[in-house]
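Let's walk through this fold together, starting with a helix and working down into the strands. Keep the model open as you read.

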Amino acid sequence: MAPPSAISPERASSNHNGDITPSAEVPLEPGISQSKAKVQMPKFPQPPTFADKYAERDYLKGRLAAAFRIFGKYGYDEGVAGHITLRDPVQPDTFWVNPFGVAFSLIKRSDLIQVDHDGNVIDGGDVRLLNSAAFMIHGAIHRSRPDVLC
């Protein structure tokens with residue numbers, strides 16, 4: 001049984017044996033009124049929604065480039081071996097990937113290359129070298145899962 005000071009009598013009930021059973025009601029912090037305690041919790045931030053697929057593409061390419069720089073910052077780049085891809089919202093049968101040989105920590109939105117499901121580079125930055133492992137792995141994933149954006 002809890003010590004009497006741990007249970008406030010107005011929030012507890014006793015049974016026929018005289019044992020005090022704590023209430024499931026959570027006590028308020030001191031100085032907080034019931035009305036302030038019932039304020040709605042703020043919503044978690046959500047990804048933006050776009051009416052224009054080209055604006056969505058631009059936003060997502062920026063996020064992909066940022067992901068590469070974050071990976072590079074924390075040492076998740078293995079020379080030329082790594083790759084992250086993103087399905088293109090404008091042309092869903094293509095995806096964006098990092099060019100072969102460009103360091104993760106240096107990748108910008110304009111450096112990314114767009115690849116179709118046949119391995120053809122159809123758009124992108126100055127360096128348009130495609131990592132064949134990136135195409136083989138991610139091309140198969142994007143082809144088999146058209147419902148997945150990333």
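Start with helix α3 (residues 132–144), which lies across β3, β4 and β5 and runs at about 140 degrees to β4. Angles here run from 0 to 180 degrees between N-to-C directions, with axes fitted to C-alpha atoms, for helices over the stretch in contact; contact means heavy atoms within 4.5 Å. Helices (H or I, at least four residues) and strands (E, at least two) are DSSP runs, numbered from the N terminus. A quick caution: this is a predicted model, where local features need pLDDT of at least 70, side-chain atom pairs count only at pLDDT 80 or more, and totals for chains, interfaces and linings use all residues. Residues are numbered from 1 along each chain as its sequence is written, and side-chain values use heavy atoms, leaving out hydrogens and water.

Now the sheet: it's open, with 4 strands in the order β3-β4-β5-β6 and antiparallel pairing (two strands pair if DSSP finds at least two bridges between them). β3 (85–87) and β6 (121–124) sit at the edges with a single partner strand each, so one side of each has no neighbour in the sheet. From one strand to the next, the twist averages 30 degrees. Helix α2 (residues 53–73) packs on this sheet too, touching β3, β4 and β5, and its direction makes about 165 degrees with that of β3.

Next, zoom in on β5. I113 stands opposite V97 and has G124 as its bridge partner in β6. I113 and V115 point one way from β5, Q114 and D116 the other, and all are buried (under 20% relative accessible area, 1.4 Å probe, protein chains only; exposed is over 50%, partly exposed in between). In the hairpin of β5 and β6, with 4 residues between the strands, G119 takes a positive phi near 90 degrees.
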